[in-house]
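Here is a short briefing for a first look at this structure. Keep the sequence and the 3D view open while you read.

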Amino acid sequence: MAAPRLTRRLTHVDRRGRARMVDVGPKPETAREAVAAGRVEMQPATLAAITAGTVPKGDVLAAARLAGIQAAKRTADLIPLCHPLRLTAVEVELVPQGAGLDLRARVRAFDRTGVEMEALTAVAVAALTIYDMCKAIDRGMTITRVQLEEKRGGKSGEWVRAATRSSTR
């Protein structure tokens with residue numbers, strides 16, 4: 001499979017090839033939304049302990065949900081070229097499915113740039129929180145498929161991942 005051709009110049013790189021923060025000042029504020037998903041695969045006994053609420057560190061689902069929300073709010077502190085945004089909503093879902101948990105984050109803002117990174121960060125940190133809280137009982141957990149599922153708003157409009165790549169929809 002051939003590598004995709006870049007048809008546009010990368011906005012986070014200046015003409016000399018140096019990383020830069022994009023100036024979004026001239027852009028209009030519009031409604032933005034992004035959904036990201038991921039999965040934490042684990043032993044059936046680990047999932048049973050999570051759903052029964054018997055993990056020694058406490059309520060894994062509540063902690064992961066709150067960690068994801070907090071992470072979305074702090075994305076600009078973690079990703080060097082992200083703009084701080086005024087988020088209007090962050091929702092994090094954790095659904096037991098098979099031998100693991102499917103994670104989904106939906107982030108909304110009314111701002112000058114998109115919220116894809118905030119949704120991805122919410123999923124990644126929620127997954128890491130699950131791992132942290134359960135590692136004493138299952139170090140073999142795997143965090144997989146952290147990916148953007150859809151985005152809306154802004155100049156580029158709507159984008160939705162083809163259904164064949166995601167099982168979290």
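Leu128, Ile143 and Val146 form a nonpolar patch on the surface. The model is predicted.

**The surface patch**

- Valine 146 is partly exposed because its relative accessibility is 37%, between the limits of 20% and 50%.

**Overall layout**

- From the N terminus on, the elements run β-α-α-α-β-β-α-β-β.
- The protein chain counts 169 residues, and 40% of them are buried.
- Its accessible surface comes to about 10000 Å². Carbon and sulfur atoms account for 56% of that surface.
- Take the contacts in the protein chain with a separation of 6 or more: 69% of them join residues 24 or more positions apart.

- Strand 1 covers residues 30-41 and runs antiparallel to strand 4. Eight bridges join strand 1 to strand 4.
- Strand 5 covers residues 159-160. Two bridges join strand 5 to strand 4, and these strands also run antiparallel.
- Glutamate 150 has its bridge partner in strand 5, namely valine 160.
- Strand 4 and strand 5 make a hairpin with six residues between the strands. In that hairpin, glycine 153 takes a positive phi near 100°.

**Salt bridges**

- How many salt bridges does the structure hold? The count is 13.
- Glutamate 150 and arginine 104 meet through their side chains in a salt bridge, at 3.8 Å from N to O. Glutamate 150 lies in strand 4 (residues 142-152) and arginine 104 in strand 3, so the pair ties together parts that are 46 residues apart in sequence.
- Is glutamate 150 buried or exposed? Glutamate 150 is buried, because its relative accessible area of 5% falls under 20%.
- Arginine 104, at 15% relative accessibility, counts as buried too.
- Glutamate 91 and arginine 108 form another salt bridge, at 3.0 Å from N to O. This pair links distant parts of the chain, 17 residues apart. Glutamate 91 is in strand 2 (residues 87-96), and arginine 108 is in strand 3 (residues 100-111).
- Glutamate 91 is partly exposed, with 38% relative accessibility. Arginine 108 is partly exposed as well, with 28%.
- Glu91 and Arg108 also belong to a network of salt bridges that links them with Glu33 and Arg106.
- Arginine 39 and glutamate 41 meet in a further salt bridge, at 3.6 Å from N to O.
- The accessibility classes of arginine 39 and glutamate 41 can be set side by side. Arginine 39 is buried, with a relative accessible area of 10%, whereas glutamate 41 is partly exposed, with 32%.

**Cysteines**

- How many disulfides are there? The count is zero.
- A disulfide would need a pair of cysteine sulfur atoms within 2.5 Å.
- Cysteine 82 is buried, because its relative accessibility of 15% is under the 20% limit.
- Cysteine 134 counts as buried, at 0% relative accessibility.

Terms used: Residues are numbered from 1 along each chain as its sequence is written. This is a predicted model: local features need pLDDT of at least 70, side-chain atom pairs count only at pLDDT 80 or more; totals for chains, interfaces and linings use all residues. Side-chain values use heavy atoms; hydrogens and water are left out. A salt bridge is a side-chain nitrogen of Lys or Arg within 4 Å of a carboxyl oxygen of Asp or Glu. Buried means under 20% relative accessible area, exposed over 50%, partly exposed in between (1.4 Å probe, protein chains only). Helices (H or I, at least four residues) and strands (E, at least two) are DSSP runs, numbered from the N terminus. Contact means heavy atoms within 4.5 Å. Accessible areas come from the Shrake-Rupley method with a 1.4 Å probe; for residues, only the protein chains shown count as cover. Patches are made of residues with over 30% relative accessible area and no salt bridge: like charges are joined within 9 Å, nonpolar side chains (Val, Leu, Ile, Met, Phe, Trp, Tyr) within 5 Å. Two strands pair if DSSP finds at least two bridges between them.
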